[in-house]
Amino acid sequence: MATRTTVAEVVARETRFGIVPLLRSDRLYSTVDMTFVAGAFAIATWCYYQGMYLAYQMTLLQAVLSTLLVCMAVVVPVTMIGVMSARYGIDHWLSSRATFGYAGTYLVLVLIAASGWGWSAINAHMFGQSMTKVLAAAGADMSSPWWAKVIAATCPIMGFAICYKGPGAVRVSAKIMGLALLGVGAFILILTLTSGYMGAALDSPPLLGDTSYGSYMLGVEWNVAFVVAWVSMIGTLGRLAKSERSANWGLWTGYGLLMGVFIIIGVVVTFVAAMKGAVPTGDPTDYLIEVGGVWLGSLALIAIGVANVTTAAVGFYGASLSFKIFWPSWRYERVALAFALLIVVLALWGGIIDYYETYLAIVGAINGPVLALLVVDYWIVRRQRLNLKDLFRRGTYGYTGGVNVAALLAFAAGIAAYIWVYDPINAVPRVPSVFNILTATGLACIVSAVVYLLLAAVPAVRRYLLRDRGDESCSIC
Amino acid sequence: MATTAEAEREMRDEAALEQRDAIRAACLERCAEMDCGAYDFGPRLTRAEWILMFAIAALSAAGIYLVYLI
């Protein structure tokens, strides 16, 4: 009886703060909730930064349309992972044990999480920049560059304070901030559309002046990498969805549609600012206070800043849960605090924003193949069937020393293909003939998926991958 | 003092291991519930929803190349 009580207590806590699968009765998020939580995570000032980068590569109309189209196309594999997580009530980093093996998942998770820390640092950095300018506009002396860094460091701390209370608090804050963000987005759009510079912005070439197809496709690549960047956070949200439909359409709307709209706002703001003669910085504060006045502009900026806090909260919640697969008895609060402190250090350093293009390339090179492999493995190779128990014990997903060699080979092939067509350090295509058709991230996804499918077609490898089918001890579902 | 600290560390480790076992047991218990065949996974996405989503994705992907011509 004592053991039963312990397990019951553990279940109660670990469903919300750990890796224990959620049954249907435990689920929290409706479609609307999922939309707001996914949207609140994806929408932050980094959307404006992304918008600025696109404005350098494309015309305004090209950037608006291609951003929406990329988001609508690339979000589908993201939602497919979310649907899988919702079906079983588990984080996709658990099901990825079937794809990569026990040890293989640790490797992939660390790589993805490391890239996620960069996003959080960028998020905190932009929070610091925005709030510093608001305070400066209010008359405070913010001349020391340390002000921005110190304020940036408060963003992860506040994010931790929200995520500390769990997914319910995250949902509430995401809804409040989501509504605020929608208002801010509409406000910014009205400011820009009525600025009198929209005509000039629509007639303007890309801000770099290069109207070539290669320049356009470089922007498309950055958008593809931007959408696949959320791989790390699909399962922790998807498992909380009340149904597959909630997970699918919530993620589709939040990660796809809403995020696309906010990148587009970033593009429009950048073009209008450039037409007014300002130097585009990707920081909405540079534009909003000028156009909206101190009070109105500051109000909008505070809402944007607080949205960054919500982003940090959702991010820490997801990352903490994912990392608990390393050691399930780690306390959620401590893992979340460790992440928050890490981002505080990165925010105080403040250097990651200087390498945005390189960072985006690394994200695309790693996240793209991982996303492709997770989708292909579950939806095609395994035909949507997993041995759930073996996800939690070293059973048939042990493979070779804990690593699915076939998946790792396919992962490496995807990264190699990425580096073959694109120089991630200098953000320059190496093989334009391929890059301009598939983009680097797209090619990496395709190569990983095809290599894995080809390997899975070999009978011996197929038996190796589908060992769970031969295990009579428990059913697969 | 070192002995006391070591003993405390040992107790903490043991507690963590017990906690880990309890979590593992909870996970397996939940999996068993889903494994038995009677568990209701809930309604799946309908074929129409999948078709709609993939159609939007395919048209969007094709549109990316056409947008440059604008």
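The radius of gyration is taken here over C-alpha atoms, and the globule rule against which it is judged is 2.2 Å times the number of residues to the power 0.38. In this predicted model, a compact globule of 477 residues would have a radius of gyration near 23 Å, and chain A, with 22 Å, agrees with that expectation. Chain B has 70 residues, of which 20% are buried, and 34 residues of chain B are in contact with 39 residues of chain A.

**Chain A**

- The secondary structure of chain A comprises 19 helices and 2 strands.
- Along its principal axes, the C-alpha trace of chain A spans about 70 × 55 × 35 Å.
- Buried residues make up 62% of the 477 residues of chain A.
- Among the contacts in chain A with a separation of 6 or more, 84% are accounted for by residues 24 or more positions apart.

**Chain B**

- Chain B contains 2 helices and 0 strands.
- Of the 70 residues in chain B, 20% count as buried.

**The side of chain B that touches chain A**

- The contact between the chains involves 34 residues of chain B and 39 residues of chain A, and on the chain B side α1 (2-35) and α2 (47-67) each supply at least two residues.
- The element that gives the most to this side of chain B is α1(B), with 16 residues.
- By residue class, the side of chain B that touches chain A divides into 21 nonpolar, 5 polar and 8 charged residues.

Definitions and conventions: Residues numbered from 1 in each chain as written. Chains lettered and ligands numbered in written order. Predicted model: local features only at pLDDT ≥ 70, side-chain atom pairs only at ≥ 80, totals over all residues. Helix = DSSP H or I, 4+ residues; strand = E, 2+ residues; numbered from the N terminus. Buried ≥ 20, exposed ≤ 12 C-beta atoms within 10 Å, placed from the backbone. Contact = placed C-beta atoms within 7 Å. Nonpolar A, V, L, I, M, F, W, Y, C, P; charged D, E, K, R; others polar.
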